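Welcome! Please have a look at the sequence and the model before reading on.

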Amino acid sequence: MVDVLARLLLSLTLFGYVTSAQNATLPPPLGKFFDGGYFAHPVYIPPEEVTLDSVLHDIARAYDTRTRLPDVMVVSEYFLKIKPYYPAPGIEYNPEKNMTFEGFVSMPATIKKPTSVLTLNALNIVAQKVEVTNFMQQQLKVKETKYDKEKQQFAIVMDKALAPGAVILISITYTGLINHFSQAGFFYTYYIDEKHKTNWMVATKLEAFHARKVFPCMDEPIYKAVFHIELTYPTAHVALSNMLEPESTVLGKGWSHIAFPPTQAMSTYLMVFTIGPYVMHSIRNKDGTLVRSVGWTGQEPYLEFAAETAGECLYQMGKFSKIKFSMEKCDHLGLPEFPAGAMENYGLVIYKYQSIAINYKTMTTTDIVEAARVLCHEVAHMWFGNLVTARWWDNLFVNEGFATYLMRFIGGRVFPQHAALEDSLMIRADLEPALEYDASPNTHPLIAPDGPYFDRITYKKGASLIRMLNDVLGEDVLWDGLSSYLTRYSNGNADHKDLWKCLTDASMKANVPGWCGPLNVTEMMDPYSHKTGFPVVNVHMSKEGRLTLTQEPFQASSTQWAIPVRTASYDSPEPRIIWVVPDDADCARKEMRSDASSKRWEVVSYASAMYGRVHYDDDSFEALLKKIETDDVPVGVKVMLIGDEVALIGRAKKANEPYSYNRLLDILNTVFHTPNIQNDPRYTLIDIAIPQLEFFANVLRDSIDAPLIDALYKNALEVAYNPKLWEASTSWDINAFAFAYLPVAVRYNIGDSVKKALKLFEEIMADCRVAQSSNGTSWCTKVPTDLHRAIYCAAAKYDNKIGSNFNSLMYYYNREVQTNPYFYQEYRSLLYGLTCTEGSQQLRTLVRDFLSSPLQPSLLFGWLKSNPKASDALLQQIRTRPDSVLSYPGLSTYLDVMTYNWRSQRRLNQFLALHEQLRNRLDPEQEKLFVKYEQRIKDNKEWSAEFTPSIVKWMYDNLVVVEKVPWTKRLPGNLIVSRYDVEITPYIPGSAQYKHSRNLTFDGKITITFGMKSQSNEIVLDAHRLVIDTDTIKLIDDQNKNIGLNSQLITKDYDNGMITMTVDEMLVPRKLYKLTIEYNGFIFDGPHRGGVVSNHNYYEFNGKKGWIFSTDFEAGPGARTLMPCADEPAYKAIVKMSVRHPADLTALSNMMDSGTDIKENGWAITTYEESPPMSAYLIAISVGHFSALTTVSKTGVLTRAYSWTGMEKYLDYTLMVGFWNLS
């Protein structure tokens, strides 16, 4: 029967998509080594960025993860023998066996419940022989075997039922597949050496459901067992496993055999073995544990950092947990490719090699920080996940959440000089992404019955909640509870309830105060554990100085939380915890304290440990910004201030509620303006600020107001510039800040950054010339790697006309990419620098070469997004050489980058024309891409029409000259202006309906009739605080002939309030021209010394507020803030005015109105008679709730005195003065 069964199993593959092991095919190499003429390509294609988030990985939902094995037996040990077949020196085998393995497993099991079916997990395994014996080694009859494909379960059906307590031995001989690394289980990977030879290695990655691909087993975390692992492997390679390797036995013909000592009890997913051409660096840490960092041949010089760091992480974890690491050794292996960022196998952790091989000549500080954190993350798992393991995957948080928290907590002890950076990274890299993800449609409860979820909720929300508990409990109490948890469940399993219970016991023991008596951690954490989302704490400061904190869910929900808010204030600067609790709590309090002044600052969530967002009302927000400028606050407060504001804007936008970007701009313009910013630059602050600054740059980059981008960056960031940033530092925080900040500084010419960068570029070039380098820049210069991106960017952006620097960068890139394919950081810096070029020829070369590269499209082209000249180069390439772009695998990225800054009708027309040109060449998927990006341009155009005016208004108010009295620069005097036809639409509260974002702005349209004194192709006018839509500018002559204007040659002079337009032909005397411009303008929020202003009144009869729009141009910013014009007294012209206004308001101007038409949505249009020729400063408009007294002077002039409604009874005197003066 067994032989028949074996023959049946021989033809059975336990998962249907592979029919036999021989069908496994190898992928082509990741890249071929060649020089493409102008542009060399690497043999290895690295990921875009290697960060801790690389640890996050998705589990393929091949089956219902809630499926469990029948709980009828327990396996105490596995005796596993594996022989793999893969290319290695000195061995030969049947080619049909390539990338397969032979396996044998025997497992003693104890029956727990009566059963005749023994069920194991198995996947992609061909069983050849199955035997079951009893403890007397007597063979038991197997009736049949079954495989459930959906459940991935292999059932051995016995002829007779087995009784509880029976001890049996299950033995299976089988074959399996060595998978591509992306499929995990038992997998292969390889590297290509300097001789272009492929070197293979094999390894296992078994979390969460992949042990079943290596051997039939009880593949659930609750079933812990001891493993006895034996490998037959190529003698030329090194074999490693969980336990320290003994001497191996040479079998001959290139094969050896090794039997590892038995492991301690552990879950199947923690078992590991690997074979490859490995080298090591070994140390003993302070506890005497052997710690080894392992790489492949040639990496020997780069392994010390990983061994030293992992060893110290291991020691610190033992110190804080009071439980020493229990195994003899702990290895840390870096592979060329791995299915995740790392895997915490007991005693042998496997990583992507970037965390293990540290090359200081190419890697930046941020690379090293990431490597250190990943190392400490995996070491923390030796306790949280390995020593105590989650009972099931719904509680993955007790493994991963703790490892994520502890990698930074322990990292701060391993590197105490960098502890402040580690703490702030908990906020920037954990808390902020967790909140972002928890507000997304992909969120789920922390305790997830349908888990596992290897995502930001499990890792980062979990870590953030532990950090919050650390803030509430205190470090000593937290570790007292964690030590109890680890001791109580050592070598076993636990879940969140067990964890919260241990922490509650520690809290009660220490009498930690909660919101109602001693803190009950279980009660506090229940909504955080089982509900999605998070709270927003609303901060309100009354005029009397009473602080009120209330909570609401960030998204619609009935959930309420017990929120520990650590606050500090002017009158109580020592931070203390205030509890914001559910409404039904017995001792809920909302009003917290009373101050003498409502303008004193209050910092809510001082330690930024609260899991939630904070929203300050206007008064408390203003006071906080003043506090930041005068005394500063912890960096985490500033990081979260930015993150919270971005999130609150996003929430309002999603809910279709009014929102504004003014507060975000105020924050960005404040957080670096602190007393000690130059001496204490913080990486996490610049890291969160730069994407937000880029958001505003993206809005303006392709517009006439692009120069405001430079002003924004300089105003926000120049205060943080310190020439010492160009020097090497021992501070990770300073170095990382320089890495992020200096490329921005050189792009926007902040301080002397360009001068410094170009000097260092010459130093690098000189170093490499002296060294006669023909293989890149990384080895031949001592200039710190953190500076290279900024240096190379400056070299390309501020290059000479013939592009000498660009050519040098391209030369060294081609050499570097061939020399250091695996240490790619330097060639990426060179690539980054190349993308800063604004030379048209250089950009054309770059686009052409990028299209030939196998590197990730988003890496290559993504850096071009912030280059203002790049989109035209991309457009030119696809117009003139469409096949080169349409055949490119990264077409979507290409179109994304090309249209990234496009939000105008001109750009939409260009894209529509391109789409039409290429329509017959596009396949269906490409057609979808063109439709997608066409719609994006339309959406951006619509969004910009609504929000750009208010954003530019903030910039005009804060970044450029508001006014000069008088304006000193005069017009050239070449224009003869005869007439203005003006249409104005002010947006002030009234009956009219308009979007909130338009409030206190106005729309304008003007047609200027003019002649020329002498011929010229330039039109210079006065225009200030106006957003001009260059697509709307039209110029015709007196024959109605259109005259072209190049919108890209229209420039503003912000210092002098002027605009210059270049036309396509000469304008000549003795002809009349009409220039039409549409634009948006800004209303000063309150009285101003002149310009376009708002005011408000309070009605005597009801006390309500009314709004007034008015102009005053004799002083202050002038008529140029209402319309483009010749804003000098000598220029007199007829004015024909029309005002669109709320229908419940009265509109007044210089002349008598000729009628008012009532329009839809509460609007009206009032038109006025033509004025006599007058200077622009005499133009007047006023809109409000006006009433008038009227009379006629003795000379027949209609005389009216206006005031707001209800005040007309006080106008008699004014009317009489006017009457007699006119008479």
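In which sense do β7 and strand β11 pair, and over how many bridges? They pair in the antiparallel sense, over 9 bridges. Keep in mind as you explore that this is a predicted model, so a word on confidence comes before the rest of the tour.

- Averaged over the protein chain, the pLDDT is 90, and 92% of the residues score at least 70.
- Residues 50-62 have a pLDDT below 50, although this stretch makes 40 contacts in the model beyond near neighbours in sequence.
- Residues 590-598 also have a pLDDT below 50, with 32 contacts in the model beyond near neighbours in sequence.

**Strand β7 and its partners**
- One partner is strand β11, made of residues 167-177, where G176 is the bridge partner of I125.
- Another partner is strand β8, residues 139-140, which pairs with β7 in the antiparallel sense over 2 bridges.
- Within that pairing, Q139 of β8 stands opposite T133.
- The hairpin of β7 and β8 has 4 residues between the strands, and Q137 takes a positive phi near 65° there.

**Cavities inside the structure**
- The structure holds 9 cavities of 30 Å³ or more.
- In the largest cavity there is about 100 Å³ of space.
- Its lining is made up of 14 residues, and those nearest the centre of the largest cavity are V604, S605, V614, M640 and D644.
- Two or more lining residues of the largest cavity come from each of β34 (613-616) and α11 (635-654).
- Which element gives the most to the lining of the largest cavity? That is α11, with 5 residues.

**What the record says**
- UniProt lists residues 305-528 as "domain: Peptidase M1 membrane alanine aminopeptidase", in an unreviewed entry.
- In the model, the span of residues 305-528 is 57% helix and 9% strand.
- The end C-alpha atoms of residues 305-528 lie 38 Å apart.

Terms used:
Residues numbered from 1 in each chain as written. Predicted model: local features only at pLDDT ≥ 70, side-chain atom pairs only at ≥ 80, totals over all residues. Heavy atoms only, no water. UniProt positions renumbered as here; feature names shortened; annotations may be inferred. pLDDT = per-residue confidence, 0-100. Contact = heavy atoms within 4.5 Å. Pairing = 2+ DSSP bridges. 1 Å grid on protein atoms, 1.4 Å probe; cavity = no way out; pocket = protein on both sides within 12 Å on 5 of 7 lines; lining within 4 Å. Points joined across faces, edges and corners; volume = space filled by probe spheres on them.
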